[in-house]
Amino acid sequence: MKRVHLGARLVASLLFAAACGQATAESALDARLKNLEEELRCLVCQNQTLADSNAPLAEDLRREVRELALQGKSDAEIKQYLVARYGDFVLYKPPVKSTTYLLWFGPFALLLGGGLVWYGVLRRRARRGNGGIDTAPAETPHAGEQAERARKLLDDSTEP
Amino acid sequence: MKALRFLLPLGIFVVLVGFLWVGLSRDPREVPSPLVDKPAPAFLLAQLDDPSKKLGPANLRGQVWLLNVWASWCVSCRVEHPLLVALSKAKIVPIIGLDYKDTNDLGRAWLSENGDPYQVSVVDADGRAGIDWGVYGVPETFVVDKSGVIRYKQIGPITPESLQQKILPLVRELQKS
């Protein structure tokens, strides 16, 4: 009796383990597909990823991506499949090539240019002396006069 | 040095205006197809008028033809349809229809209602041939040359201008060669 019990338990736990194994394999695939789909653009609603879009084409493309993944295709191969049909535009991360150098390196070139201009300005100020910072108090020509007027105004307002 | 101070911002401004001018006048919906100048992707699909018969690009070798992607659910297909009907009456170039993600019944009803400009229409019910051809906005029209290479792709409805200025001149040129 005890032995039967043990056997049943063993079988049950094995089944459970197998089911769990399958579930993790499936969720691993799902996670991989989700990551991949987030890097791909839906062509119908162009500011959404394939993962976010509800457009019928996006559904078809997700189906296609899943089937390719189940066939054992790598992420790069799946991307290549879509690029061959829809162009680099499907990739949210454009590839680095001669036509995209400006896109990839333009901001850094601008930053470098800005830095050079900034450096030049600082150098010029330093040459003028005192670091270019105006330390002398502002000399207003009619300071005394203005203070007098202010005092008068304050006196007027407190009188009545 | 003084002149540079004045010219540099002006130069930057002119470049920026140039970029914006070009960028804003472009239609972001029109994604250039990587399939132009590549061999037409193969398919073999059942014909709309007779599902027992199948047709694919391989059957059309040796002639210039148009592939027009349409569907009964597609609103802007109605806009271009009269142009296609007129073109088919002129018998300049055979038009093959790809009834994209549609059912046979709805497709047939739509053609009998609006006129049938197609030499043959094939049905791509699950949209797989459409994906192979990079279809994302129905209607789309492809010009395929005699050796089975895609030479032009029109995204969105055909207009009288695109027909007269691009498609027909290209078709005539390809038919000569």
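Predicted model: local features only at pLDDT ≥ 70, side-chain atom pairs only at ≥ 80, totals over all residues.
**View 1. Helix α3 of chain A, its exposed and buried faces.** On the face of α3(A) turned away from its buried side sit the exposed residues A76(A), E77(A) and Q80(A). Residues are numbered from 1 along each chain as its sequence is written, and chains are lettered from A and ligands numbered from 1 in the order in which they are written. Helices (H or I, at least four residues) and strands (E, at least two) are DSSP runs, numbered from the N terminus. The buried residues of α3(A) include I78(A), K79(A), L82(A), R85(A) and Y86(A). They cover an arc of only 130 degrees around the axis, and therefore lie on the same side of α3(A). The arc is that of the directions from the helix axis to the C-beta atoms. An α-helix has 3.6 residues a turn, so residues three or four places apart point the same way. At 1.5 Å a residue, the 12 residues of α3(A) should span 16 Å, and the end C-alpha atoms are 16 Å apart, which agrees. The expected span is 1.5 Å times one less than the number of residues. After α3(A) comes G87(A), with a positive phi near 85 degrees.

**View 2. Helix α2 of chain A, residues 56-70.** The 15 residues of this helix should span 21 Å at 1.5 Å a residue, and its end C-alpha atoms are 21 Å apart, in agreement. Buried in α2(A) are L57(A), A58(A), L61(A) and V65(A). Their arc around the axis is only 95 degrees, which puts them on the same side of α2(A). P56(A), E67(A) and L70(A) are exposed, on the face of α2(A) turned away from its buried side.

**View 3. The contact of chain A with chain B.** Chain A gives 13 residues to the contact and chain B gives 11 residues. Two residues are in contact if their C-beta atoms, placed from the backbone, lie within 7 Å. On the side of chain A that touches chain B, α2 and α3 (75-86) of chain A each supply at least two residues. The largest share of that side, five residues, comes from α2(A). By class, the side of chain A that touches chain B has eight nonpolar, two polar and three charged residues. Ala, Val, Leu, Ile, Met, Phe, Trp, Tyr, Cys and Pro count as nonpolar, Asp, Glu, Lys and Arg as charged, and the others, Gly among them, as polar.

**View 4. W118(A) in helix α4 of chain A.** W118(A) counts as exposed, with 10 C-beta neighbours inside 10 Å. The C-alpha atoms of W118(A) and E59(A) are separated by 51 Å, and the two residues are 59 residues apart along the chain. Confidence in chain A is highest in helix α4 (residues 101-128), at a mean of 92, and lowest in helix α1 (residues 2-37), at 71. The average pLDDT of chain A is 80, and 74% of the residues score at least 70. pLDDT is the predictor's confidence in each residue, from 0 to 100.

**View 5. Backbone details in the loops of chain B.** D37(B), found in the loop between α1 (2-25) and β1 (45-46) of chain B, has a positive phi of about 70 degrees although it is not a glycine. With 11 C-beta neighbours inside 10 Å, D37(B) counts as exposed. K101(B) is not a glycine either, yet has a positive phi of about 50 degrees. K101(B) lies in the loop between β4 (95-100) and α3 (104-114) of chain B, and counts as buried with 21 C-beta neighbours inside 10 Å. The peptide bond from V138(B) to P139(B) is cis, with omega near 0 degrees. P139(B) is in the loop between α4 (128-132) and β6 (140-144) of chain B.

How values were computed. Buried ≥ 20, exposed ≤ 12 C-beta atoms within 10 Å, placed from the backbone.
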